[in-house]
Amino acid sequence: MSSKKHNPTFMWEEMTWPEIEAYLKTVDTVILPCGAIEQHGPHLPVDVDYYDAKYMAAKVAEACEDPKPLVLPPIPFGVSYHHEAFKGTLSVTNDALSRFVYDIGMSLAKNGIKKIIILNGHGDNAPTLTYAAQMINRDAHIFVCVDTGESSDIDLYDLIDTPNDIHAGEIETSTSLAIRPHMVQMDKAVNETLKFGSKFLDFDDVRSVNWYVRTDKISESGVMGDPTKATAEKGKKMWELMIHHMVHLVESIKNTPLEDLYQKSY
Ligand SMILES: [Zn+2]
């Protein structure tokens, strides 16, 4: 199984099948990044959710101890129908995405993978990915979880001044400035901070319910938040926090046998 080639990798698509077979004897955990191709205001490219999920999955795996979790190629497209009034948005249906992720999950299980960590870069994929995760668990009896930022959101909110900063705002613009500033057109960034009349609809309120709206109903530019407050420094801090917490999450899952994950407190 040894090869002379290159540096050791943990990127699934860069390995040969014998390398994957050998690697799977040491690790049973994968990270599956999921993104979206959708409008991110007039100042950010449409690939932010895709690029960030891909970037973070690689950084998290890199920061994990050996043997590192395997990282799958990212799924670029997500559920983005609510942005479709803005050009450049490409959306797939909830059914198509959940079915696709389900099929990948079942195929991973056949390869011997026991734990799938779905790293979701796009909030509106969450219900669909959670649904797919449930079905994979139901049918393959393996561990599947979805992290849409829950592992670090609380820390990120401490770093920003903007309420309801959910899309192309202070957070996403800061994280983009930190890793690819050449893709950010700050001169085109506009503040469209959301205000809601009901606390039950206010995304920042602990009592808020899940609800859905077409972006053009509440934002002219496509921005929901305040990108004008974004800085690369804040973005660097955000990446550090997000990667730190996710490494912790991945390590705790990777190093725990499947049966113990279900049964033990650790
Ligand atoms: Zn986004």
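Below is a chat about the strands, helices and a few single residues of a predicted model.

User: Let's start with the sheet. What's the strand order?

Analyst: Keep in mind that this is a predicted model. The sheet is open, with 4 strands in the order β2-β1-β3-β4, and the pairing is parallel.

User: Which strands stand at the edges?

Analyst: β2 and β4 (143–147) do. Each has a single partner strand, so one side of each is left without a neighbour in the sheet.

User: OK, and how many bridges join β1 to β2?

Analyst: 2 bridges, with the strands running parallel. I31 has V71 as its bridge partner in β2.

User: What about β1 with β3?

Analyst: That pair is parallel too, over 6 bridges. If you want a spot to look at, T29 has K115 as its bridge partner in β3.

User: And what does K115 stand opposite in β4?

Analyst: F143. β3 and β4 pair in the parallel sense over 5 bridges, and I116 has V144 as its bridge partner in β4.

User: Back to β1. How many of its residues are buried?

Analyst: 6 of the 6, so β1 is largely enclosed by the rest of the structure. T29, I31 and P33 point one way, V30, L32 and C34 point the other way, and all are buried.

User: How many are buried in β4?

Analyst: 4 of the 5, so β4 is largely enclosed by the rest of the structure as well.

User: Which of the α2 residues are buried?

Analyst: V48, D49, Y50, Y51, D52, A53, K54, M56, A57, V60 and A61. Notice that D49, D52 and K54 are in that list.

User: What covers them?

Analyst: The cover includes three strands, β1 (29–34), β2 (70–71) and β3 (115–120), plus the helices α6 (170–179) and α8 (232–254).

User: How do α6 and α8 sit relative to each other?

Analyst: Their axes come within 7 Å and cross at roughly 90 degrees. That makes α6 roughly perpendicular to α8.

User: Which residues meet there?

Analyst: From α6 you have I171, S174, T175, S176, L177, A178 and I179. On the α8 side they meet A232, K234, G235, K236, M238 and W239. The residues of this contact divide into 7 nonpolar, 4 polar and 2 charged.

User: Now some single residues. Where's A126, and is it buried or exposed?

Analyst: A126 is in helix α4 (residues 126–140). It is buried, with 20 other C-beta atoms within 10 Å.

User: What is A126 in contact with, leaving aside its neighbours within four places in sequence?

Analyst: N120, V146 and T148. For a distance to check, the C-alpha atoms of A126 and V79 are separated by 9.1 Å, and the two are 47 residues apart along the chain.

User: How about I75? Buried or exposed?

Analyst: I75 counts as buried, with 25 C-beta neighbours inside 10 Å. You'll find I75 in the loop between β2 and α3. Leaving aside neighbours within four places in sequence, I75 is in contact with C34, G35 and F100.

User: And K87, buried or exposed?

Analyst: K87 is exposed, with 8 other C-beta atoms within 10 Å. K87 is also in the loop between β2 and α3 (94–111). K87 and V46 are 41 residues apart in sequence and 9.6 Å apart in space, C-alpha to C-alpha.

User: Last topic, backbone geometry. Where is there a cis peptide bond?

Analyst: Between D66 and P67, with omega about -10 degrees. P67 is in the loop between α2 and β2. As background, most residues other than glycine have a negative phi, and most peptide bonds are trans.

User: Which residues have a positive phi without being a glycine?

Analyst: H141 has one, at about 60 degrees, and N164 has one at about 50 degrees. H141 lies in the loop between α4 and β4, while N164 lies in the loop between α5 (153–159) and α6.

User: Are those two buried or exposed?

Analyst: H141 is exposed, with 11 other C-beta atoms within 10 Å. N164 counts as buried, with 20 C-beta neighbours inside 10 Å.

Note on methods:
Residues are numbered from 1 along each chain as its sequence is written. This is a predicted model: local features need pLDDT of at least 70, side-chain atom pairs count only at pLDDT 80 or more; totals for chains, interfaces and linings use all residues. A residue is buried if 20 or more other C-beta atoms lie within 10 Å of its own, exposed if 12 or fewer, and partly exposed in between; C-beta atoms are placed from the backbone. Two residues are in contact if their C-beta atoms, placed from the backbone, lie within 7 Å. Two strands pair if DSSP finds at least two bridges between them. Axes are lines fitted to C-alpha atoms, for helices over the stretch in contact, and angles run from 0 to 180 degrees between N-to-C directions. Angles under 35 degrees count as roughly parallel, over 145 as roughly antiparallel, 65 to 115 as roughly perpendicular and the rest as oblique. Ala, Val, Leu, Ile, Met, Phe, Trp, Tyr, Cys and Pro count as nonpolar, Asp, Glu, Lys and Arg as charged, and the others, Gly among them, as polar.
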